[in-house]
Amino acid sequence: MDMVTLTIDGQKVEVPKGSTVLEAAHKANIKIPTLCFLKGINEIGACRMCVVEVKGARALQASCVLPVSEGMEVITNSPAVRESRKVTLELLLSDHNLECPTCVRNLNCELQKLSEELGIKSIRYPGEKHAPRYDDFSPSIVRDASKCILCRRCVSVCHKVQGVGVISPNHRGFNTVIAPVFDLSLAEVACVNCGQCIMACPVGALKEKDDTDKVWQALADPEKHVIVQTAPAIRVSLGEEFGEGRGAIVTKKLPAALRRLGFDKVFDTDFSADLTIMEEGTEFLERLQNGGKLPLITSCSPGWIKFCEHYYPELLENLSTCKSPQQMFGAIAKTYYAQKMGIDPSKIFVVSIMPCTAKKFEAQRPEMNSSGYQDVDVALTTRELSRMLKEAGIDVSKLPDEEFDDPLGISTGAGAIFGATGGVMEAALRTVYEVVTGKELTNIEFTQVRGVEGIKEATIDVGGTKVNVAVAHGLSNARKVLDRVKSGEANYHFIEIMCCPGGCVGGGGQPILSSEERWDTDYREVRGNAIYEVDRSMKLRKSHENPAVQTLYKEFLGKPLSEKSHHLLHTHYTKRPLYPEV
Amino acid sequence: MEIYRAHVLVCKGTGCTASGSENVMEAFQKEIEKRGLSKEVRVVQTGCLGLCELGPNVLIYPEGSYYCRVKAEDIPEIVEEHLVKGRIVERLLYKEHLTEERLRSLTDIDFYKKQKRIALRNCGLINPEVIEEYIANDGYKALAKVLTQMKPQEVIDEVKKSGLRGRGGGGFPTGNKWQFAANAKGDIKYVVCNADEGDPGAFMDRSVLEGDPHSVLEAMEIAGYAIGAQEGYIYVRAEYPIAVKRLEIAINQARERGLLGKNILGTGFNFDIFLRLGSGAFVCGEETALLASVEGRRGEPRPRPPFPANEGLWGKPTIINNVETYANIPPIILNGSDWFASIGTERSKGTKVFAVGGKINNTGLVEIPMGTTLREVIYEIGGGIPNGKKFKAVQTGGPSGGCIPASLLDMPIEYDTLVQAGSMMGSGGMIVMDEDNCMVDIAKFFLTFTQDESCGKCPPCRIGTKRMLEILERITNGEGKEGDIELLENLAKSIKASALCGLGQTAPNPVLSTIRYFRDEYEAHIKEKRCPAGACKALIHYEVMADKCRGCGLCVKVCPTGAISGERKQPHVIDQEKCIKCNSCFDRCPFGAIKKA
């Protein structure tokens, strides 16, 4: 590799050709403040916070986009640079809704942190603020333009990572606002509710629709039997909000925490993930053996589902008809569980804790009430749960280990790995293999489909049948796979698509990392590895071995794809337009 | 070929078209037909002659008689007198402002005498919609020379040696730009013409496109040959319909004659040109924003490097030059770099076109050799300041430029001198201000423009210019505070250093230059709550001077709010509550009895 040597603050630094000055400084442990920078996603030199002096240059240069050159002399910390950064930051603050203590991002705000670090003590240039716009029509995402600093990290994520591109700068100059086209609401455009924009936002301009009040109310209602399910990815992320390391495993703290909040029963979405495998695995075999529509594409990820409905409606028939584990859980809870426990299903209130904002939308879909009621009443994100726990004074890190409740709290490692990209595929393969061959699978770890590579492909020998599988996470990767399917270039039998990068561990409802931390830590990988560790620690690691699932079929559903299964566990999809129809 | 004894040249540029040259042209054609002169006199539509304010302009050759403000009803007289009887129609001739003399020939007019027209060489002379007329004036000869006698590197060397610098604003050496693009690796390269003329009042690019579109096409082809490109794009604003139409005609005519497209002039060189219409955002004149817009994205600048010469249109090596820059290329190739370099000054070669406006007698387009002084442009070419008012400042370089005071009038016009004076060449806007102009108000005017045209991408420009404008607004409203000037200076300095693109980096110039030269005016506004020029409404009021008022009542009649009252033949009074400071009474009073205070 060609190397380039430059001097930063008198220090010689050698970096590969094509690196930026910011990267070179990072390598030399010289900290340059940034705001719009999001490594690999948003490197556009817009916010002017990372400016540096370069010998021979007329104006200050944005280091995040400035390529290094041999012999370049850079000063990151001159009075002119510091003053410029301060003025820029004061200007941003002068146009920012400074309601910090009541902001959802209080103490986790990059603007706030930067103000502290740069020693901003007053704003020399106060003035008019841009027009506030507040969009809370979406069931998943709230946009508060009064806090937006126009860094465009959300725009780049939406366009580049997710290939959705429903938000962009509108208008110009002081009136510029990041919004859907024509200032429409997110609810009106082809937004998939993934919440990756929230994950990218350095401030409180984007946040999840807060549904905690509904849960507090239900918990306080003595008439209600309030039960909760927690998604696989929560057990490797909730701890982060309580000072545990990134990806810390808190599986056994979860039941303790949720019981202390007042839930009547604490269940696990891993259970219904196992159930999903039973249905989806059977569906796959049926399509494979009976000439059904292939490739079969997984349907666990509600962001992906809505994406398919908007952008690839011609592939809707390829989607598995299985509901997501969240919705299967709700449907079973208000039928099977209600019957078993003798509880009036109208009194059952199902809360789900999800790493996901799209789950809020999914729970509200009109077709998701096959139990006769809304199957899942409220879907909370990891962040909302963390806020509730903090409000209740419950510190997850200090709780004893406890177990999930029976019967909907029993799960296998296969259910757990739903939380990472490739996990659904792997779980399905574990079951499909044994069902088809009737033999025990000795090496159950399909490492070919693991990891943060955007698209993973493998050919698996299932009892003599070669099954071509593909796994994509992040919708721009999904686009590539789908385009290859459409063009006939690829011959897949089974595809797993997860909307969010890294799968659910990287979901839009998860704890938010700063740009700086994201640069140093691949949170998708760290949390993903934790998920596989959870799997390894489980006694049972194949969905069809889940005794509670077996009992469910025996007592209630009959067999996979039975009529009852179809009624409760399967769904249908709707083509959706790209723009509101007028 | 038919020979005519006289040619009637009717200006059909945007200015003259707006003042009715279409009718004038038709009237000439009808009248000449009626008189049976069709085989003797030819009526030709041309591009801009420069003195737009006096349009519709008509030039009759062989005498070179320059008729101004010609109306359709004047035509029978012109035809009868001038074209039949050979007697010049004196009353319609151009009149010098200073001497009041009616001049018989274009070449006698001060406005033209000091000019040297290279970029505008064909404007007002040929019919821009007829390619033969361009060819007859050495058109496409430079292209032929380049394709048959020169290697690409020789073309670049010639442009380098000429010393030509970009006429769009930055003044970057054109030859170097071409060299970078020629050196850049890649099979696909592009040539782009920046015709997104956005400075308020500047219209030289429009005039070239309307009056001599082939000169730009020819130059782009030469550039394409020099850097190894096969495609060119002209980014022109949709608000220039005549320019767009003439470009379309020119492109089609050039294609038909094998001067554009495949195998040009049988040499095997392929090059084609396409139009892209912009919607008029000022920032799209910035090259990276322009490229984004051509590609169909939001017109926003991006940081450089990479420069377009390496990564431009669709990521390919691209040169972007402005219209006027291109218009200089064919003469440089034909007459040689030495000829071009002999015009102008050491570091600024050739000529520059200025759009002169504001408080000046001859408003219009002038092309002068670099190094001409501001005084020569304003007084000798421009005819001085109207109504005997005193010159205060001249603003050059459009909204990104600065204001130059009277003390620097003898400064030669060059890229570097203008920058030293706190202004810039820019695209060549030149707005003259007299004693009635408040310099704080002027700074506010330009900042309002840039603030409005900011793309909104970087905070220094998006918020910083807004804050500067707010401070200027409070100063002109009489609410200025001690320390506001320093606040402005500090903010301006910071924005200049940290804004992402040229628009933001230069936006504070009008403020900085007016503070530099007219600080006393700022201080009068802030400390004394007084506008010395009497322009800031919030700081003036109108009074009747009782000793001068004769009580004639004229002011009462013109006052739109009924704020003036008084007995006949008695001194009147103005009700300050009702007065909206419209200045009507001041203008109307025959005795000078109204005073602004």
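Predicted model: local features only at pLDDT ≥ 70, side-chain atom pairs only at ≥ 80, totals over all residues.
**Chain B**

Chain B holds 23 helices and 18 strands. Its radius of gyration is 26 Å, close to the 25 Å that the globule rule gives for 597 residues, so chain B is as compact as a globular protein of that length. The C-alpha trace of chain B spans about 85 × 65 × 40 Å along its principal axes. Of the 597 residues of chain B, 56% count as buried. Among contacts in chain B between residues at least 6 apart in sequence, 71% join residues at least 24 apart.

One helix pair in chain B can be followed residue by residue. The axes of helix 18 (residues 459-476) of chain B and helix 21 (residues 509-527) of chain B come within 11 Å and cross at roughly 35°. On the side of helix 18 of chain B, the residues that meet helix 21 of chain B are Met468(B), Ile475(B) and Thr476(B). Helix 21 of chain B brings Val511(B), Tyr522(B), His525(B) and Ile526(B) to this meeting. The residues of this contact between helix 18 and helix 21 of chain B divide into 5 nonpolar, 2 polar and no charged.

**Contact between the chains**

Where chain A touches chain B, 30 residues come from chain A and 27 residues from chain B. Helix 2 (residues 79-94) of chain A supplies 8 residues, the largest share of the side of chain A that touches chain B. That side of chain A has 17 nonpolar, 7 polar and 6 charged residues.

**Domains of chain A**

The domain assignment of chain A gives domain 1 (3-77), domain 2 (120-206) and domain 3 (213-569). Taken over C-alpha atoms, the centres of domain 2 and domain 3 of chain A are separated by 29 Å. Their contact takes 17 residues from domain 2 of chain A and 20 residues from domain 3 of chain A. On the side of domain 2 of chain A, the elements that give two or more residues are helix 4 (153-161) and helix 5 (196-200) of chain A. Helix 5 of chain A gives the most to this side, with 3 residues. By class, the side of domain 2 of chain A that touches domain 3 of chain A has 10 nonpolar, 6 polar and 1 charged.

**A parallel sheet in chain A**

In chain A, 4 strands form an open sheet with parallel pairing, in the order 12-11-14-15. Strand 12 (265-268) and strand 15 (378-381) of chain A stand at the edges with a single partner strand each, so one side of each is left without a neighbour in the sheet. On average, neighbouring strands of this sheet are turned by 25° against each other, direction ignored.

Strand 11 (residues 225-230) and strand 14 (residues 348-354) of chain A pair in the parallel sense over 6 bridges. Gln229(A) stands opposite Ser352(A) in strand 14 of chain A.

Two helices of chain A lie across strands of this sheet, as the table sets out.

| Helix of chain A | Strands of chain A it lies across | Angle to strand 15 of chain A |
|---|---|---|
| Helix 6 (residues 212-220) | strand 11, strand 14 and strand 15 | about 120° |
| Helix 12 (residues 382-391) | strand 14 and strand 15 | about 85° |

Technical notes
Residues numbered from 1 in each chain as written. Chains lettered and ligands numbered in written order. Rg over C-alpha atoms; globule rule 2.2 N^0.38 Å. Buried ≥ 20, exposed ≤ 12 C-beta atoms within 10 Å, placed from the backbone. Contact = placed C-beta atoms within 7 Å. Nonpolar A, V, L, I, M, F, W, Y, C, P; charged D, E, K, R; others polar. Axes fitted to C-alpha atoms, helices over the stretch in contact; angles between N-to-C directions. Domains from an automatic or database assignment. Pairing = 2+ DSSP bridges.
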